[in-house]
Amino acid sequence: MQPNTLVVLLGTTTLGLCCGLVGSLLLLRKRALLADALAHSTLPGIVLGFLIAGSQSYWALGLGALLTTLMAALLVSRLPILTRIRQDSATASILGIFFGAGIALLSIAQRSGPGAFSAGLDHFLLGQAAGMLQSEAITLTLSAAVVSFIMILLHKELLVSCFDSSFGKGIGMSMGRIDLLVMLILAVTIVISLPAVGVVLTAALIVIPPATARFWTDRFNRLLTISGMLGAIAGAAGTLLSSFRVDLPTGPVIVICAATLFSISLVVAPHKGLLGKRLRWIQRKQRREMQRILIFLHENLQSGNDFVARERILAGSLNASSSALRLCILYGYTEMAGTHIRLTTEGIRRAERSISARDRWIQWLDSEAEIDRNLIDLDEEDIEKLLDRKSMEIPPVDKGAAL
Amino acid sequence: MSETAIEIHDLTMAYREKPVLWDIDVEIPRGSLCAVVGPNGAGKSPLLGCVLGTHQPANGWIKIFDVPSDRSDELIGFVPQRESVDWDFPVQVLDVVMMGTYRRLGWFRWPGKAQKDWAMECLSAVGMADLHSRQIGELSGGQQQRVFIARALAQDAKIILMDEPFAGVDAATEETIRTVLADLKKDDRTVVIVHHDLQTIEDYFDHVLLLNLRLVAAGPTKTTFTRENLLRTYGGQLTLLDEAAEAVRRIRSGRSIRKSGDL
């Protein structure tokens, strides 16, 4: 590996971290589209910078990009306040107008100048990390590090501004300043990511990591951390993969890496992943079914029928699933005797336990004013644990009326 | 400490050119449980916003415990309208309550164990300590309201503003919120609530502020919540007029019946 690749790798990794952090803020403010609009609005700035400076100096192009993207940010935030245009329309319009202007300028630059494409301007469309100079990569690393540091320092204020900005104003935090800072951070992040990821795909690197992180956590700090880490991984992996084949643009490869992480999380994340959800649903369903079978058999036992025909369990009023019945046998709660089923001693104990837990639970629910949706459908084990913790203290029902 | 918690003088507020509050002059005494009542668009939420400092009045001023509101260090708690909160937001109950400590912490500093303990204490005060690690969307309506009340307690707010805490909650939840309100009043806190249900004003609040862009009347519920004042508040709006008349009739005739029924 060449030393230059190593510097570039460091650059794209910190860039990924930075994008993941900034993206979390946009996700939580429901302004993900803003990233796309601002990224596209850098294009006219890049070309203008090139035309004015007459060369593709990093600073000229970067400054131009920063100027037009800030102009776009100003328009997107002011238009809905000053006119009747809604925010999403304003964002979409600005994206189109600026990008269109950028493309038009690009073809002018190509005809008049020494050839914009030969000057490498097309690399800004999709990103070409391998072509980055060492100085560019170092600037990129430093800027990304500064942005990340600011965000970590201000995470408390950022949380308030995302969650409840009127509360923030009420306690004297200057929400206007924070909003401005977020815009500025976003603009800088977009501009520094252009050489690596490009105008078209920067938004994806900003939006996908936080959306992925949302699968893994319900807390703000962790969302920032995980999103930053996912961004860093995508940045590093994408750069490595695209450096194996130089003709592969870095931007798309980084975005594909981020998307892969997203797909994996979508399926395997423990609480919100599709797989976990499905499995939990099946398990709950199966256990409810087993409970029904055990209670049914227990009722029969009370009225003197030790053995119940298999058909009566699988059809008739109970209509239980055969897989649940197999599970009952597997766990040793019931046993087969020819075509008939009966409870084992273990099964009787289990059935009695579940009946008594159910009764206690209903008694508790009757005494509770508020029924908690997360807590109504429980197993006997959970009910026992919960009621023992609350030591069955049933509050007086008329506690409000005593005022 | 002064007997007047909130003093509003000559307050006018406008969105662009349209006035939403006009020439409001009112005092809300300390320790009162005050309802802000008026038709839709009467400027109830903007009034709370002005007291909280999120809205800038065009003219006039507000004093909090005799200190002009922009210089006041007094923390004002705010319980937002249910629909205005993003319940999907990745915060846990304890995180929300900890926000109440942020002002005292100041910029850049991170909350530590002391803040966490204090937030837990405030959660216990509203009976929610058990649920501190829940994501806020997993709570029931009454529990959600209580989280924000706990945040106001964590601010050690002497004044708490609530925007329609009773909107769309069931009877049991309403009762729970009332219990918490009674506790707040016992603590000598001043609570100002935007309220829509004219039927319950008499039972829940000791002060009332009738608003319809201008201030119609304000004062103790007994003397202020009258038929004449309600008719002036709800103007020519017929259905509302009927509702108001119905509420007043119920109060006039029903109060004696219920009082004797309680005994």
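Student: Hi! How much area is buried between chain B and chain A?

Tutor: About 3600 Å², and carbon and sulfur atoms give 59% of that. Buried area here is the accessible area (1.4 Å probe) that two parts lose on being put together, summed over both. In chain B, the residues that lose the most area to chain A are B:F89, B:P90 and B:W107, together 19% of what that side buries.

Student: Before we go on, what kind of model is this?

Tutor: This is a predicted model, where local features need pLDDT of at least 70 and side-chain atom pairs count only at pLDDT 80 or more, while totals for chains, interfaces and linings use all residues. Residues are numbered from 1 along each chain as its sequence is written, chains are lettered from A and ligands numbered from 1 in the order in which they are written, and side-chain values use heavy atoms, with hydrogens and water left out.

Student: Thanks! How many residues of each chain are in contact?

Tutor: On the chain B side there are 44, and they are in contact with 39 residues of chain A. Contact means heavy atoms within 4.5 Å.

Student: And how many residue pairs are in polar contact across the interface?

Tutor: The rule finds 10, with both residues at pLDDT 80 or more. A polar contact is a pair of N or O atoms within 3.5 Å; within protein, one must be able to donate a hydrogen and the other to accept it, and residues adjacent in sequence count only if both atoms are side-chain atoms. On chain B, the side that touches chain A divides into 19 nonpolar, 12 polar and 13 charged residues.

Student: You mentioned B:F89. Which ring does B:F89 form a tilted pair with?

Tutor: That's A:F163, at 5.1 Å centre to centre and 55 degrees between the planes. Rings of Phe, Tyr and Trp (its six-membered ring) pair if their centres lie within 6.5 Å; planes under 30 degrees apart count as stacked, over 60 as edge-to-face and the rest as tilted. A:F163 lies in helix α8 of chain A and B:F89 in the loop between β6 and α2 of chain B, so the pair joins two chains. Helices (H or I, at least four residues) and strands (E, at least two) are DSSP runs, numbered from the N terminus.

Student: New topic: which residue does A:K30 form a salt bridge with?

Tutor: With B:D86, the closest N and O atoms being 2.7 Å apart. A salt bridge is a side-chain nitrogen of Lys or Arg within 4 Å of a carboxyl oxygen of Asp or Glu. A:K30 counts as exposed, at 58% relative accessibility.

Student: Where do B:D117 and B:K113 lie?

Tutor: Both are in helix α4 of chain B, four residues apart, about one turn of the helix. B:D117 is partly exposed at 41%, whereas B:K113 is exposed at 60%.

Terms used: Nonpolar A, V, L, I, M, F, W, Y, C, P; charged D, E, K, R; others polar. Buried < 20%, exposed > 50% of the residue type's maximum accessible area, 1.4 Å probe, protein only.
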